[in-house]
Amino acid sequence: MRIVRLATNFTSGELDPLLRGRSDLEQYQNGLERAKNVMVQPQGGVRRRDGLRYVGDFTGFTAFKMIPFEFSTTDSYLLVLVAGRIYVYKAGVRQTNINGSGNDYITATGLTAAMLDELDYTQAVDTLIICHEDLQTKRLVRNSDTSWTWENVPFVTIPKFAFTLTVTEPASEITPSGISGNIELVAQHSIFSAGSVGNYVQAKNGFGRARLVQYVNATTMKAVTEVPFFDTSKLNAGDWELESGYEDAWSAARGWPRSATFHQNRLYFGGSKSRTNTIWGSRVINYFDFDPGTGLDDEGVEATIATNQYNAITRIASQSDLRIFSTGGEFIVTNSEGQPITPATLLVRPQTRLGVKAGVPIEDLNGASIFVQRNGKSINAFQYTDRTASYQITPISVLSSHLIKNPVDLAVRRGTSTDETDSLYVVNGEDGSMTVYSVLASQGVIAASEFTTGINEGDEFIAVAAELDQVYVIVKRTINATTKYYLERFDQDALLDSSLYATVGSATSSAAVNHLPNTLVWVRADGLVQAQRTVPSSSPYTVSISPAADEDYEIGIDIPVEIRTMPQEPNLPTGSSLGVQKRVLQVDALVKDSQHMNINGHLVSFQIIGTAVFNNPIPSFTGRKTIHGLLGYTDEGKITVTQSYPLKLNLIAMEYRLSLGD
């Protein structure tokens, strides 16, 4: 029996092997068994992924955090944080002579390699707030491309907390000067000191509680009432208590905030080393003043998550609501009927209980907060849904869970044209691969593929960041038997990894590839792929270009591409075709602007025979390519598309003829 099958799109991406038996699903028909180093496009096709341009060498460091910093429409930066230093890149160029120091980095005092994994940050205009529980909270201020200020956040007021509460009954009368608001408390005897600031006076009858805010003298303190006093009569000794032991909630001894965000004109911190499940909000506009005052609408706010499980806050995010992510679940602080958050309305509401993995960023994608589940097993979207009028979890990786391998970093690049999807990049800590999702929410497209890099064992992705429409990675490579760490950038015009690209004004017959000694590389010159070469293992690291390049050249590492269809299981009149022998007789592949591919190991010709063929680039082709005469029966009848040369490939769809039977 012979049948014709048509793969019109690949919008399900690479599918989990657990779906092997679900040929009844639409996702199965639109999915791939393997999508290696390709991107799924919004129209349904798959194309060779962008190559990586070499940007800089970070060998000598092993821990990294990359932070995009957008100051204006014309000034955006990539910040690369390493132990004790911050490197600044603008338009892919490292800035030098920072602060007139002669160095090409900002000195980041106090920043250690161990902190980088769980470092959090938030930005407002020219200021970046940087948080880690073991780092006194910092701010990085941009003054110009080469002038930056790294300093401790100048807190006006730090919230207080009694880590060890002591309650005493001083042997003295005390008299409030007023019932509520700002008052003075006058004692009969000398019972106060400068250390009394932050302590509380509490009337035993329940009418009156005041926070001591300023020392006047040994018998007088200024205070702010939290519970009004019954009247201004004196309280006899034994009728009131002094609560002491209050200290700064954040300090070198108690640790510092873990996460931060700006929300409704307040700076919020989420969790700290000693108070893992508490959030704090500054006074409105006064971002470094966390004084709770008398509880007025614009004064500082504070709330602690209280549930029946441990909830260490790992991240907070500002969206339509303030979203709080912890190891135990996801929470929100809602706005009461569209009103801003105030001390009186602040209420933390639990939503879902999946839990978030510490150390991995949370990114916004079309209003959804994308996060990694706390055990590193899934990628999820936390978003409000009108259908249930509540926040829900949408599992992004449900069809591709085999590609999620203990993620350590995450970034989102938003599509900038109609032929692009939004892209979600997930760095896997287990094997150094990267799982990349093409996301087009309006069309229900969530398609996974796997990126790998390098030709040596141990080559792996370490970190990722998206600076506007540019995606940067830190890549660990084994080069000439030495471990290297390179900063590289995805480039739609690149067809190689760790590539060196240059435009030339005259014939160029060689190039120095200093960062890839003793490495097998491809050479592309004026669009023509030349034979592979090995870069010399010692200086000068010069590679020949022959024929010479007259316009431009690219030299770099190969990118292995593989597109493999799911096993074909058409329904037969006699039932399922599972286990029935299958042979692919013919494949008609629709391609766009493509130059090379192999189908089931057979080379598909893109070269046009005629004059002036040799030593000229293969022209890009759009249309149908047919290959037939494919031999051999198998149980699955799969089609595999690969590439042997670094050339363009954009596979739109495939039609293929199957022969079924023994």
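**Exercise 1.** Which side chain meets that of Lys 405 in a salt bridge?

*Solution.* The model is predicted: local features need pLDDT of at least 70, side-chain atom pairs count only at pLDDT 80 or more, and totals for chains, interfaces and linings use all residues. Residues are numbered from 1 along each chain as its sequence is written, and side-chain values use heavy atoms, with hydrogens and water left out.

Step 1. A salt bridge is a side-chain nitrogen of Lys or Arg within 4 Å of a carboxyl oxygen of Asp or Glu. The partner of Lys 405 is Asp 431, at 2.8 Å from N to O.

Step 2. Locate both residues. Lys 405 sits in the loop between strand 34 (390–395) and strand 35, and Asp 431 in the loop between strand 36 (422–428) and strand 37 (434–440), 26 residues apart. Strands here are DSSP runs (E, at least two residues), numbered from the N terminus.

Step 3. Check accessibility. Lys 405 is buried at 14% relative accessibility, while Asp 431 is partly exposed at 34%. Buried means under 20% relative accessible area, exposed over 50%, and partly exposed in between (1.4 Å probe, protein chains only).

Step 4. Salt bridges with shared partners join Lys 405 and Asp 431 to Glu 14, Arg 34 and Glu 450 in one network.

**Exercise 2.** Describe the salt bridge between Arg 34 and Glu 14.

*Solution.* Step 1. The closest N and O atoms of the two residues are 3.1 Å apart.

Step 1. Arg 34 belongs to strand 3 and Glu 14 to strand 2 (residues 13–14), so the pair ties together parts 20 residues apart in sequence.

Step 2. Arg 34 is buried at 16% relative accessible area, and Glu 14 is buried at 3%.

Terms used
Helices (H or I, at least four residues) and strands (E, at least two) are DSSP runs, numbered from the N terminus.
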